[in-house]
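Here is a short briefing on how the chains of one assembly meet. Look over the sequence and structure, then read the points below.

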Amino acid sequence: MAKIGVKVKVNGVERAAEVEPRLLLVHFLRENLRLTGTHVGCDTSHCGACTVVLDGRAIKSCSVFAVQADGREILTVEGLEQDGKLHAIQEGFFQEHGLQCGFCTSGMLMTGYAFLKSNSNPTEDEIRHAISGNLCRCTGYVNIVKAYQYAAAKLREGGE
Amino acid sequence: MTTPKTPAEIGGMGHSVKRKEDPRFLRGQGTYVDDIVLPDMLYLDIVRSPYAHAAITNIDTSKALAIPGVLAVITGKDLAAYNLHWMPTLMSDTQMVLPVEKVMYQAQEVAAVLATERYIAADGADAVEIDYDPLPVLIDPKKALLPDAPVLRTDKPDKKDNHIWHWEWGDRAATDQAFRDAEVTVKEDIYIPRIHVSSIETCGCVAHFDKVRGKLTVWMTTQAPHAIRTVFALVAGHVGLAEHKIQIISPDIGGGFGGKVPVYPGYVIAVAASVLTGKPVKWIEDRMENIQADSFARDYHMTAELAGKKDGRLTALRIKTIADHGYTDAAANPSKFPAGLFHICTGSYDLKAAHVEVDGAYTNKPPGGIAYRCSFRVTEAVHAIERMADLMAHEIGMDAAEFRMKNFIKPEQFPYKSALGWEYDSGDYAAALRKAMDNLGYEELRKEQVEKRKRGELMGIGISSFTEIVGAGPSKHFDILGLKMFDSAEIRIHPTGKAIARFGTKSQGQGHETTYAQIVAEELGIPVDDVAVEEGDTDTAPYGLGTYASRSTPTAGAAGAIAARKIRDKAKKIAAYLLEAHEDDLEWEPGKFFVKGSPDRAKTIQDIALAAYTNHPQGMEAGLEAVSYYDPPNLTYPFGSYICVVDIDKGTGEVKVRRFMAVDDCGNIINPMIVEGQIHGGLTMGLGPALYEEIQYDDSGNILQGSFMNYLLPTAVETPNWETDKTCTPSPHHPLGAKGVGESATVGAPAAIVNAVVDALWHLGVRHIDIPITPPKVWKLLRDNGVTE
Amino acid sequence: MIPRSFEYFAPRTLDEAVSLLGKLGQEAKILSGGQSLIPMMKLRLATPPYIIDINRIPDLNYITEQNGYLRIGALARESDFEVSPTIMSRYPILMDTTVVIADPLVRNQATACGNLAHGDPANDHPATMLALGALIIAVGPKGEREIPIGSFFTGLFTTALQPDEILREIKVPIPAPSSGGAYLKIKRKVGDYATAGVAVQITMNGAGVCQRAGVGLTNVGFIPLKAKGAEAFLTGKTLDEATIKQAAEIAAGEAQPIDDIRGSAEYKRDLVRVLTARALNRALKRANGGA
């Protein structure tokens, strides 16, 4: 099949490539751009390990074609740290032991990044619903909730 | 364990040191197998059988080979030319890599497509055309064991049935007598269905055979890299692979839980493809392949019986089990124990007589049995005893907690020799249960239950007071394929006082880079940040049996302590030399030796390390390092008491876990934060099988839960806010007084949940429910007993 | 997990999209949210040779009240409903519905219009739109037409949309005063399709009598079902415990569930009974000004 040119801004940097229309966004990020922080965990759009932020919304990059991202902006886990400083959500996961094997973590971080922009003081129930599209087998979610709460508090205080 | 012996700056045992592995994961800079890319790398995709049992009559690869970029299609016949089409399992049975004559489970690997790109390999796999002649399918192990059942393992010329083995343990005569003498007996059929561990990362490898160097390197999702290396050397020795020319690298692993112990055909085919082509070959399975073909857990059909007195004293236990193993015995149990450590099933109770027997059966399903955080069948054992204990308590009208207290092994009875031959190292079961009860307000909850029942509301309280058995294991009894189950640590201190410590285990999220560093910090007073921990590269790590069955702290952790103590012994000699004092006049505090009575005459471990390379005593070797291969004298026996409170919706049958209190005892704790995390995760892997997870097959062998669409993993919404606490009963034989803990919660939790639901429905006449306790099951019990909304 | 190859088109206007659809024929598929289509393509259950991506077409993302209708554009995402002040304050039944569809990530891409166009009886919006008496605006080569929701679902994964038509908008008649609705869904876990779901929309007069009732059923038939018998029963009746109980039994009788992995037909039918009663109580509360 003929390839199509796409231009995507990823983590603030313009990236361009020629891709097959069927190329999934997650593979575009991992293989074309070598940003392997976003992961593939399933084949039925259930696990959320592939979550990235597309034009400000957290989406499952396994269920979007790369060509759909043409002209748009993506933030991946690699783009969270700014000037050597971890984002509040990353700091939260570190302080609250919100990760074990790390495989679902990038998805949890990106969902958190977007969620906390629209809900600065979430309840536990709201957090659990917010991450219901992200599966974890290691942590049992308790500390992920705490990590989100830590990050929310930090962001409210004016931290980044 | 109370206050840590080291200050926070050193970070030894007891400190909740933040994890050293986190920085890379938080930044998306982990190195998982699918992150590895090598020049000229090829991709492997596997064609799988839609049939559970069928003869292969034709494989047409022409359409696949016609696709540009498809380089080869490998079949069983290709591997047979190298005698690689069959290989041994970890239980000394045999398994197919690729079949020549027939397939024996749905989703079995039948052919493998090698291509230049991942997407092309997928197109190639789609284009391979295979003709099958279906054969009769055996799904029910009881049917498989009937005398007239068709024989599945036609590859074994002397095999006349589907019976794999019979195993029994205990005093049958004494147990039968105890049952005859019993005042009360309870009996129940308990089926624990097949489940699948579904770590978020699936399995895969990158195999790279370097033709020039004659060396095979395989990055692999494996929990036991050394064992894999040895197995590869034995299996493929005849094609020229020798153990010193095989390197297995287990990089970052996205969860194992037992599912990444077996040797899957995909690995072997990828290795063969790399050897043949001289190019790196990547194989990464999809989630559906992972669920449908990889190792499962449970599938135990048990009939359990308890005998006791009317006053509640238990006397004997009898369990008969049929174990559905799939088409071959590939469970990774220690070789002497085909039913794993199932005979821990006398549990926390002082039972005088017990007998268990297990019969393994072949069926047309993928092989396995223990790949789900279960400590070698301990989940099954605990489920049986805790269900039966609860059943007995309810039957005689005694409170479930009181019943357990009455029967617990008492602290003064330790070390305790169970009726089935295990020597429990230490425990205080009553204290753990009491703590759980106090934390939850047990008595108030029972009062609330009475009130609710009067109003027709369904509330239940369930307890699970389990004893776990981990740390396999003493070489006298424990081996896998003959490899004894010791484990190892190799620690080297550098001139500037920093350390590198390598172990024979392999973390898949348990935090060894942090906890093992804490062990070194504890023993040598070197700050945690100054200790680099490595695992997983067989070229550099000392030989070990890997991480599963909660064995790491009990074996490799102990090895780390012993190796550190060897270093400390040498350090003392160097210190004596530097201080011009006699060794006997030196005392140790974390990080330094000092002369008794003259604390300012001291040498730090850093001073000593430097001296080991610049100023060591004459007649002593330079350097400061040690190796320990630790053969544990016994297993360790963590334990706990869990209490679950449920409310049941009469309209829909939905069970809601209102509260869950988990009190765990794993002896001395290295990192409380990490242990708590393991409990949270383990409880969630107990909740899943209790209420959501199950693998079923129809009569034709079609899997009904072949993807996450129907294999239901709990999200954060289904998962309650786990409440945890602990008691501490150190292990008397472990160098650190520590026990394993990673699987306790998965082992103990399901019974607590089932007990709670049955407790809620007991007054309606419900006696037992098999897991998963789904809303339709509860709804049916309610309606059948006249309860509706 | 890898889709088959296809040709990709990203038209910039609705006319262009319609024209492409006509040109490429029945095998072309519209891509909007893609949260049903792309997963099917990854499993190769769907292998369309042509994909027409309508996400580039401007002015299709709206949720707005106008001329007596709540108008929902083709690209209104489920998560847009969750933050829409209109939906939050005036259409709690739609809020109920949207928040139980899949999970929050899927909802950031999935569209309500796509949820109807797919023709899946397991989707949630159909029952709610049936209860609300919505109208579907389809645009094709001959222009636009209105399809009443009651005639929209014709078979399993089949709707009244012609192969050359695109679902452009959903029009929901703005409910009269003293109206209330609710959608309740029982599912095995978050993200699952309904074991059963019931949507109820009622309008009351001032005296506790139901003037209009809409009842839609999710995943208990080959198509999304309108429980006409329950609707007829409720109309003109005082809504009290007895009538609600009876309406619920009628609705249960109208369900056509089958035994499957989510439960037996008997179980699902009883869920319809239980959920209809619960939804009616909720709808009544809302009609009377509550939440």
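Buried area is the accessible area, taken with a 1.4 Å probe, that two parts lose on being put together, summed over both. By that count, chain B and chain A bury about 4400 Å² between them. Chain C and chain A bury about 2700 Å². The model is predicted.

**Chain B against chain A**
- The contact draws on 56 residues of chain B and 48 residues of chain A.
- Carbon and sulfur atoms give 56% of the buried area.
- Leu26(B), Tyr119(B) and Ile200(B) supply 19% of what chain B buries here, more than any other three residues.
- There are 6 salt bridges between the two chains.
- Glu693(B) and Arg137(A) pair in a salt bridge, 2.9 Å from N to O.
- On the chain B side, α17(B) gives the most, with 8 residues.
- That side holds 24 nonpolar, 19 polar and 13 charged residues.

**Chain C against chain A**
- Here 33 residues come from chain C and 34 residues from chain A.
- Carbon and sulfur atoms give 62% of the buried area.
- Met1(C), Phe6(C) and Leu105(C) supply 23% of what chain C buries, more than any other three residues.
- The salt bridge count is 2.
- Lys60(A) bridges to Asp103(C), with the closest N and O atoms 2.5 Å apart.
- On the chain C side, α2(C) gives the largest share, 4 residues.
- That side has 14 nonpolar, 9 polar and 10 charged residues.

Notes:
Residues numbered from 1 in each chain as written. Chains lettered and ligands numbered in written order. Predicted model: local features only at pLDDT ≥ 70, side-chain atom pairs only at ≥ 80, totals over all residues. Heavy atoms only, no water. Contact = heavy atoms within 4.5 Å. Salt bridge = Lys/Arg side-chain N within 4 Å of Asp/Glu carboxyl O. Helix = DSSP H or I, 4+ residues; strand = E, 2+ residues; numbered from the N terminus. Nonpolar A, V, L, I, M, F, W, Y, C, P; charged D, E, K, R; others polar.
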